[in-house]
Amino acid sequence: MKKTVSACLSCAIFCFLFLTTDASAQGKSKLSDPEVASVAVVANQIDINYAAIAKQKSKNADVINFAETMARDHKAVIGQAAALVKKLGVTPKDNAVSKKLMADAEKTKKVLRSKSGNAFDKAYVDNEVAYHKAVIDAVQNLLIPETENGELKQLLTNVLPALKEHLGHAEMLQKKFN
Amino acid sequence: MRSVAISAKGALLVLGIALAQMSCNGTQAPTTHVVEIARMQFIPAELTVHKGDTVVFVNHDMLTHDITEEGKLWTSSKLPPDSSWTMVTTQTANYYCSLHPVMKGKIIIQ
């Protein structure tokens, strides 16, 4: 069971990167702006969902504080994305990447829910480190380059420092568990 | 470190009183400094001031932050985007955002 979270997560991240890279490599099947918006919203929602589990299961004040920050920040990002797509008259469009992300997140959530105590805290924080690394890579190297609308591109660019801070925060916590 | 949450009008009033006091007793008037919060950073991250100077933290970021002294001697309340918090400096302080502990800053009393 110990390896299940990382195995599950690795699979999800691999699929995330593979699907987006594959779409980019094929050129013709690159993500449209409505699809990029959908991936961005789904990626944020997934971390909000992980945070909800952490707030429910963890007794560790630092982990709970981190989870509350993740929920607050990612909700704010979704709010800004929602305002932008409304302004642009764009409807986020489900696509293979967003569907796969959500499906894999369900597996990770199931594994997280099966753990408790320190094992849960460690699994949650490890997941956050890996997840933010994957999302930063995808936003930086795939989503931003593929976005055509300037304002959507700017929003994704503005989110990057927050994602990087979240990663740094998660790594600070991770050191306490290793 | 004394901290107060005041409005922009309040800040101007404090500044006006300080200027009036300076003209009466010849002491140096407190200066108002601005620390911008943007892109998950305090800008400038290090600020040198005179004791009694005012520092206004303005949140231009897309997320909520706070300003908390390293030893938790003082803290602002949560600072939503496009809001500010004002404090009067009394001693050198290292501070950070307790919501985002990677974000750090320092106020140095000259």
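How many helices and how many strands are there in chain A? In this predicted model, in which local features need pLDDT of at least 70, side-chain atom pairs count only at pLDDT 80 or more, and totals for chains, interfaces and linings use all residues, chain A holds six helices and zero strands. Residues are numbered from 1 along each chain as its sequence is written, while chains are lettered from A and ligands numbered from 1 in the order in which they are written. Helices (H or I, at least four residues) and strands (E, at least two) are DSSP runs, numbered from the N terminus, and from the N terminus on the elements of chain A follow the order α-α-α-α-α-α. Of the 178 residues of chain A, 39% count as buried, where a residue is buried if 20 or more other C-beta atoms lie within 10 Å of its own, exposed if 12 or fewer, and partly exposed in between, with C-beta atoms placed from the backbone. Among contacts in chain A between residues at least 6 apart in sequence, 80% join residues at least 24 apart, two residues being in contact if their C-beta atoms, placed from the backbone, lie within 7 Å.

Helix H2 of chain A (residues 33-57) packs against two other helices of chain A, H3 and H4. The axes of H2(A) and H3(A) (residues 61-88) come within 8 Å and cross at roughly 155°, axes being lines fitted to C-alpha atoms, for helices over the stretch in contact, and angles running from 0 to 180 degrees between N-to-C directions. H2(A) is therefore roughly antiparallel to H3(A), given that angles under 35 degrees count as roughly parallel, over 145 as roughly antiparallel, 65 to 115 as roughly perpendicular and the rest as oblique. The crossing of H2(A) past H3(A) is left-handed, a term used if the near helix is turned anticlockwise from the far one by less than a right angle, with right-handed used if clockwise. Among the residues of H2(A) in this contact are A:Ala37, A:Val41, A:Asn44, A:Ile48 and A:Lys55, and those of H3(A) include A:Val63, A:Glu68, A:His74, A:Ile78 and A:Val85. By class, the contact of H2(A) with H3(A) has 16 nonpolar, three polar and four charged residues, with Ala, Val, Leu, Ile, Met, Phe, Trp, Tyr, Cys and Pro counted as nonpolar, Asp, Glu, Lys and Arg as charged, and the others, Gly among them, as polar.

The axes of H2(A) and H4(A) (residues 96-113) come within 9 Å and cross at roughly 5°, so that H2(A) is roughly parallel to H4(A). Residues of H2(A) in this contact include A:Ser38, A:Val39, A:Val42, A:Ile46 and A:Ile53, and H4(A) contributes, among others, A:Val97, A:Ser98, A:Leu101, A:Met102 and A:Arg113. The residues of the contact of H2(A) with H4(A) divide into 11 nonpolar, three polar and two charged.

Leaving aside neighbours within four places in sequence, A:Val39 is in contact with A:Leu31, A:Val97, A:Ser98 and A:Leu143.

The contact between the chains takes 12 residues from chain A and 10 residues from chain B. On the side of chain A that touches chain B, H3 and helix H6 (150-177) each supply at least two residues, and the largest share, seven residues, comes from H6(A). By class, this side of chain A has four nonpolar, five polar and three charged residues.

Several loops of chain B show local backbone features. Most residues other than glycine have a negative phi, and most peptide bonds are trans. The peptide bond from B:Ile43 to B:Pro44 is cis, with omega near 0°, and B:Pro44 lies in the loop between strands S3 (41-43) and S4 (46-49). B:Arg39, in the loop between strand S2 (32-38) and S3, has a positive phi near 50° and is partly exposed, with 16 other C-beta atoms within 10 Å. B:Lys72, in the loop between strands S6 (68-69) and S7 (84-88), has a positive phi near 60° and is exposed, with 8 other C-beta atoms within 10 Å.
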